[in-house]
Amino acid sequence: MSFGFPQTFDNVAELPFHSHTYIYSLYYIYITPTPTPKHSDFKSFWKKERMERVRAPKFLVCIAILCVMLFLNIESSEEVELTIIESATSKGAVCLDGSPPAYQLDRGFGDGVNNWLVHIQGGGWCHSVEDCVYRKTMDNGLGSSKLMPVLGFYGILSNKQEQNPHFYNWNRVFMRYCDGSSFTGDVEEVDPGTNLHFRGARVFTAIVEELMSVGMYGAQNAILSGCSAGGLASILNCDKFRGFFQSGTRVKCVPDAGYFAHVTDYSGGYHFQQYYDNVVTLHGSAKNLPSGCTSTMNSGLCFYPQYVVPYIQTPIFVINSAYDTWQIYNILASYEADPSGGFTNCKTKLDECSTSELERFQEFRSQFLGAVSAIGNSSSKGMFINTCYTHCQSEDQSAWFGNPTSKLYDKTMAEAVGDWFYEKYDWKLIDGEHVLPHYC
């Protein structure tokens, strides 16, 4: 499992049951050799310590995953081939290991042929040389295009009208993530001892320029979206993306689960802040963050959306849970914030939370809503903030368009985003019915 995937658990029995999140978790726990953390400890995440895994032959796991898919009635998406941009290497636009960047493109059709949706893959960050050295060897390709598997197109990337009513026939792009800095890094020097390349900002530019050359330049409508670290990337690169298009193109950004909040943790401190400080320093990201922010505060804080969105000029629609599981595990109750594990049972089993623990959950929600209010009241800014105990919903077919428990005021995410994009409604939806986390 990689830093930035839904959440971490000690065994499968503790996994919340929500479709693709559940399937991806099965895959990463049982099949891939990627280490998972003993705790939600972001500093030790990439260390060699490995938690004990449930042993099972891979073919049995594959059968189990197939059964889950059948049970959930999930259709497999058409395979979309991976495109490697070999020419990008001459510009120094490369992944952590020096390999060229990549993307997957499913061409639009019908009245969507001139519309483009670019969705950035998630997958956390690397905050130290040790982390990044390990990351470039991971077989999920988060540090190397040489190791990238082909990913499926679901939810916001689906090509089926009944699953993705507004964007099904657009040109849909999965921008593959391989730099570990949410596409913000740019360091010229390469240490020959580690061969690490911190070039995320160049990779983003190279992929967008490639897409412009294959038809996106003439787009009528364009969206930059992303999940988790990809959602953060779609915020930090939102105005940059807008700058590639002609003035007549309608361009907007839709980050999902990327609104990582700077809020107090279980101990009352801000333990996670040091992690972002390290990411920004290691990758040389400061120069690619909004200058309005970096001129007034520590550049590491400018990795938090609440301090950046006031400077973003491009319209933006935030999809997030007020109880995002990644943030609960790694910001609210990481190992550093809760070394004794006092909150562990509650965060893994919601029905066993005490009254005081539920109050702490609500305090987190209150602080998160305060952070997300930074987007302001402009009609060009929208939001869909539910209280589902999950992470990354736009890639989950059920959450995106179908699951009634994911709706807000009888609107699915797909409908709310479409209405906002086409300026039918100024949606700023926040779940006021459920003030506690719940499984959707």
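The model is a predicted one, in which local features need pLDDT of at least 70 and side-chain atom pairs count only at pLDDT 80 or more, while totals for chains, interfaces and linings use all residues. Residues are numbered from 1 along each chain as its sequence is written, and side-chain values use heavy atoms, with hydrogens and water left out.

Helix α4 itself takes in residues 200-213; helices here are DSSP runs of H or I with at least four residues, strands are runs of E with at least two, and both are numbered from the N terminus. From first C-alpha to last, α4 reaches 20 Å, close to the 20 Å expected at 1.5 Å a residue (1.5 Å times one less than the number of residues). Of its 14 residues, 11 are buried, meaning under 20% relative accessible area with a 1.4 Å probe, protein chains only. Among them are Val 203, Phe 204 and Leu 211. The cover over these buried residues includes β2, β3, β4, β5 and α6.

Strand β2 (residues 102-106) is mostly covered too, with five of its five residues buried. Ala 102, Gln 104 and Asp 106 point one way, Tyr 103 and Leu 105 the other. In a regular strand, side chains alternate between the two faces of the sheet.

As for partners, strands count as paired if DSSP finds at least two bridges between them. β2 pairs with β1 in the antiparallel sense over three bridges, and Ile 84 stands opposite Ala 102. Four bridges join β2 to β4, again antiparallel, with Gln 104 opposite Phe 174.

Technical notes: Buried < 20%, exposed > 50% of the residue type's maximum accessible area, 1.4 Å probe, protein only. Contact = heavy atoms within 4.5 Å.
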